Structure formats: C-alpha cells, structure tokens
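Morning, everyone. I'll talk about how its parts meet.

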Amino acid sequence: MIWNEHIECMSREQLRDLQTARLKETVERVYHNTPFYRKKMQELGILPSDIKDIDDIQKLPFTTKEDLRDNYPFGLMAVPMSEVVRIHASSGTTGKPTVVAYTRKDVSQWTECVSRCFTAFGATKQDIFQISYGYGLFTGGLGAHYGTENIGASVIPMSSGNTQKQLQIMQDFGATVLCCTPSYALFIADKLADMGISKDDLKVRIGVFGAEPWTENMRKELEEKLGIKAYDIYGLSEICGPGVGYECQNQSGTHLCEDQFYPEIVDPKTLKPVTQATEGELVFTHLTKEAMPLLRYRTKDLTSLNYDTCACGRTAVRMGKILGRSDDMLIIRGVNVFPSQIESVILQMPEFEPHYMIYVNRENNLDTMELHVEARPDLYSDNVGTMISLTKKLTAQLNSILGIAVKVKIVEPRSLARSEGKAKRVFDNRMLK
Amino acid sequence: MVIQQLSIFLENKAGRLNDVAALLGKAGVNMTAFSLADNSDFGILRVIVSDPHKAQEVLKAQKFAVSLTDVIHLQIANTPGSLSNVLAVLADAGMYIEYMYAFSEGNGANVIIKPDNVPNAVEALQAHKIM
C-alpha cells in the first residue's frame with residue numbers, strides 16, 4: 001500500500017523540478033533568517049540567486065553536528081520562537097545534546113513522512129500500535145505516535161522500559177504493531193521466554209524498528225522469535241526524527257522521502273559527491289523545513305543510493321543498508337574497524353547471543369580490542385576445553401574478517417546490559433586527544 | 001556411586017565465587033566438595049552439594065550458567081597406593097579422565113571422577129569390585 005502515491009511514485013523529472021523549487025525557497029529563507037548560513041555562504045561567495053537547479057546544491061556549505069552544538073540551543077533557528085510548536089533534542093551521549101525545533105507545518109510534514117512509512121509496512125487504521133520508543137526529548141516516541149494517529153490506527157503510548165508491563169499490555173490489548181529499537185525488540189523477545197509467553201499468544205504482526213543500525217540476521221531472529229515481519233524505519237532527529245526513510249514490502253532498500261529532504265552521498269574525506277551507487281557519507285538538505293532548515297547536513301552514516309524504480313512502483317530513491325558511521329569507525333593499529341562488522345560476525349554464529357560489548361584500550365602503546373560476548377545459554381559447558389574452543393572459533397572468524405586480533409571473552413549468560421533505547425556497545429578507553 | 005555434580009560457569013571477577021556460596025548458604029544447600037578449573041578469563045566451579053536440583057534452581061533463578069553433570073564418587077582407603085588401584089582399572093579399560101578431585105578425612109578418602117564415558121567406567125569399576 002502507498003500512502004501518497006502522487007509524491008512517492010512521481011516521475012524523476014517532476015520530482016527534480018519540485019526539489020529545485022523547494023531548495024531555492026529554503027536557501028532564500030536561511031540566507032535571510034539564519035546568520036550562521038548567511039555567513040557561511042558569504043565566505044563561499046554564494047548568493048541565493050546562484051541556486052538555479054537542484055544540482056547547484058553542491059555549491060552550498062555543509063553542516064555538521066558540531067555546528068549544531070556550537071549554536072546550542074536555538075542558534076540555527078530560521079523562525080521566531082512564537083512559530084515553534086515543538087522542541088526535541090538528541091540523547092547527547094557525547095557532549096551537549098543537539099536541539100531541533102518544529103513549526104506547526106514541520107510537525108505535519110513529519111507526520112506525513114511517518115504515515116508513508118507505516119502504510120508501506122502494511123499497517124492500516126485497523127492496527128493497534130504499541131509504541132515502545134522513548135517518549136520525551138527523543139523523537140522516536142512522539143514521531144511514531146503522530147504517524148499512527150494520522151493513518152487512523154490506535155496508539156498504545158507505552159514508551160520504553162518496564163518490559164514485563166510491555167508484554168502484558170501487548171498481550172491484553174492485542175497490539176498488532178510494535179515500534180521500538182531493534183535491540184530493545186530483542187530484549188523483549190528474550191523476556192517473552194522468561195515470562196512463559198509464546199509468540200502465538202501475541203497478535204503482533206509487524207515490527208517497526210529503527211533509531212540504530214541492524215543487520216539481516218537480527219531481522220531473521222526478531223521475525224522468528226516474535227512471529228512478525230520486521231521493517232526498517234530510518235530517521236535522525238536533525239532531519240525530522242523517524243520517517244526519513246522506510247522499507248517497502250520488497251525490502252530491497254530504504255525509500256527516502258526526498259521531496260522533503262534531498263539526499264546526497266559524498267566521500268567523507270574529500271566531501272566531493274561520489275558517482276552513483278558508490279558508498280559514502282549520506283548528506284541531507286531540508287527542502288520544506290521551516291523552524292530549523294539545515295543545508296547539507298552530514299549524517300555520518302555510510303551507505304549508497306539506488307535511483308532505479310522499485311518493484312513496488314515507488315520512484316523514491318532507495319538507500320542501501322547503513323554500513324557504519326564515519327565517526328564510529330575505530331582505527332585499531334591502523335586498521336579501520338566498524339562495530340557493525342563485528343556484529344555481523346557474531347550474528348552469523350549461532351553459538352552466540354546478539355549482545356556484545358567492545359572495549360578498546362591502549363597497552364604499552366599498542367591498541368587492543370576486547371570483545372565481551374554471551375554464548376547461547378545451553379552451550380555453557382562443564383568442560384574448560386569446550387569453552388576455550390568456542391572462544392577460539394569466534395576469535396578466528398573475527399580475525400579473518402577484520403584482519404586484526406581481537407581478544408574474545410565469553411561472559412556469563414544475561415550479564416551484558418540489555419538496552420532499552422539506543423545500545424552503547426563500544427567503549428574506546430584510549431586517551432589520545 | 002554415580003552422583004550429580006553442579007557445574008557453574010563463572011567469569012573471573014572479584015566476589016563471584018562468594019555470590020555462589022552465599023546463594024547456596026541462604027538456600028540451606030550444603031557443599032561437601034568442590035573444585036575450580038580456571039583459565040585467565042573464566043572458571044568452572046564444580047560442586048558436590050546436598051541437594052543438586054534445588055541448588056540448580058536457586059542459581060538458575062539468578063541467571064548463572066549452571067548444569068548438572070554425572071560423576072563417579074568413590075570412597076577409598078586413605079593409604080598409599082589406593083588411588084593407583086582405581087586409576088589402573090580405568091587406564092586398563094582405556095578410559096580417559098576429563099578431571100577429578102579428591103579429599104581425605106581420617107582413614108578414608110573421597111574421590112570424584114569425571115570419565116569421558118560414565119557408564120563404561122562404572123562397568124569397569126564394578127567388574128573389579130571397586131564400586
């Protein structure tokens with residue numbers, strides 16, 4: 001099903017015209033209303049009138065998360081506060097939170113995007129959504145909430161946490177759609193077994209998972225454990241929150257709402273656009289946002305774009321899987337390592353649970369990486385040799401994929417923290433800065 | 001006789017062994033013998049207790065990786081050569097011993113043996129009237 005066929009299936013030429021017109025308006029607005037962008041454009045010697053076509057976007061300055069922090073909290077706003085109806089902020093795991101604001105129209109455009117996502121997942125007004133994203137400053141809860149109401153479905157505004165109650169409500173209220181982070185969904189799935197509830201006791205049929213990257217193996221595991229079909233919803237608060245992109249029934253990439261946010265892929269080092277279908281850093285420019293429009297915002301997410309029309313009929317560009325983040329790439333003894341690579345190795349080995357922690361240290365001027373992982377509960381053996389060979393098997397696999405030695409430590413079952421929001425799995429203890 | 005031993009996987013962390021001891025103590029489960037196999041990252045605690053099933057339940061509830069393993073318990077004389085008599089039988093039968101531990105008390109000694117194949121080892125020991 002398609003929520004907005006006019007936009008989602010628009011011809012590429014028409015879409016391009018729409019994007020061009022909207023970009024021109026946006027640039028005009030930020031130039032006049034946001035001193036930060038006026039200064040940046042003046043430094044580059046660019047005027048709004050230089051933007052004649054969507055391709056001219058390459059002339060515009062980039063925006064980074066640091067820029068958002070430097071202008072904390074409201075420095076990048078392009079409207080007076082009287083026009084703002086909502087303020088959200090990122091979790092701020094490193095440093096100050098990044099703040100985003102919405103006008104009434106911004107909230108309604110965001111809701112439109114989320115409605116496209118939910119409809120693509122096959123949800124209708126008959127569905128009951130259990131929204132287990134956190135409600136609050138995080139965009140996940142309220143973003144999903146508004147989209148659910150907009151398609152006419154029922155909302156159970158659970159927020160995250162209190163998993164036992166989550167499951168009780170899910171069962172008693174007959175929730176048919178579960179929205180949360182994939183790591184929390186795994187946590188819920190584990191709890192199911194603990195509470196003696198079978199997946200057949202639940203009516204959930206669709207999982208809407210986002211806010212952190214996940215793998216095909218996690219998808220399989222979630223689908224199996226919860227008896228659902230799992231869909232990826234992509235988003236980041238700086239752009240709007242959940243709803244920037246979504247998978248259709250074909251699940252061959254994530255369609256982006258490109259009438260709202262123009263996507264580009266650039267080389268993270270040179271910042272030059274890459275050739276089509278090449279991997280690089282995803283960059284978004286707001287096309288309709290009023291409260292805090294961002295030009296060429298560097299997401300740090302590494303992916304690629306596919307402009308072929310999808311079998312579902314949508315022309316909206318498809319983003320590939322997120323391969324990692326240009327900023328969570330770890331350099332271990334000169335080798336680039338993405339936590340997602342480690343995760344995919346763990347997920348491919350049925351001997352291990354999908355929970356892990358990575359600790360990076362520097363000992364005697366040498367980087368060391370230690371991985372803590374849980375084995376499947378039934379594999380904890382009475383035999384030291386068996387446990388050691390389990391460790392060795394994972395070590396060898398990691399070594400062949402990453403090209404560096406990782407010290408693997410099997411920890412006690414259920415001893416690693418399960419996350420109820422975004423999982424923090426990497427602890428880099430090197431003090432190099 | 002064949003008895004059930006508790007095997008518990010423990011990370012090498014301060015206080016972890018006491019966590020087990022305290023839990024069992026609180027549950028009124030008595031430990032009669034134990035041994036700890038370890039390497040740098042983890043240890044496997046093997047314990048003979050008064051009520052293995054209750055102990056397993058109590059530890060499982062606290063998320064310990066605990067299993068029950070069949071082992072052979074022998075009471076032999078606390079004299080030079082007694083252990084050798086037992087081991088010779090197993091060696092002659094081609095039995096491999098995964099691990100064992102023992103303790104003596106006065107005139108007797110208790111030996112816990114985990115052979116690779118418990119029924120075969122029992123058969124061999126019974127044939128020599130050791131069990």
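Which domains does the domain assignment of chain A give? Domain 1 (1-325) and domain 2 (330-428). Those bounds come from an automatic or database domain assignment.

Some ground rules. This is a predicted model, where local features need pLDDT of at least 70, side-chain atom pairs count only at pLDDT 80 or more, and totals for chains, interfaces and linings use all residues. Residues are numbered from 1 along each chain as its sequence is written, chains are lettered from A and ligands numbered from 1 in the order in which they are written, and side-chain values use heavy atoms, leaving out hydrogens and water.

Now the interface. The centres of the two domains, taken over C-alpha atoms, are 30 Å apart. Domain 1 of chain A puts 24 residues into the contact, and domain 2 of chain A puts in 18. Contact means heavy atoms within 4.5 Å.

What about charge? The rule finds one salt bridge across this interface. That is a side-chain nitrogen of Lys or Arg within 4 Å of a carboxyl oxygen of Asp or Glu. A:Asp194 and A:Arg414 meet in a salt bridge at 2.9 Å, N to O.

Next, helix α9 of chain A, residues 216-226. Helices are DSSP runs (H or I, at least four residues), numbered from the N terminus. Its buried residues are A:Met218, A:Arg219, A:Glu221, A:Leu222 and A:Leu226. Buried means under 20% relative accessible area, exposed over 50%, partly exposed in between (1.4 Å probe, protein chains only).

Definitions and conventions
Helix = DSSP H or I, 4+ residues; strand = E, 2+ residues; numbered from the N terminus.
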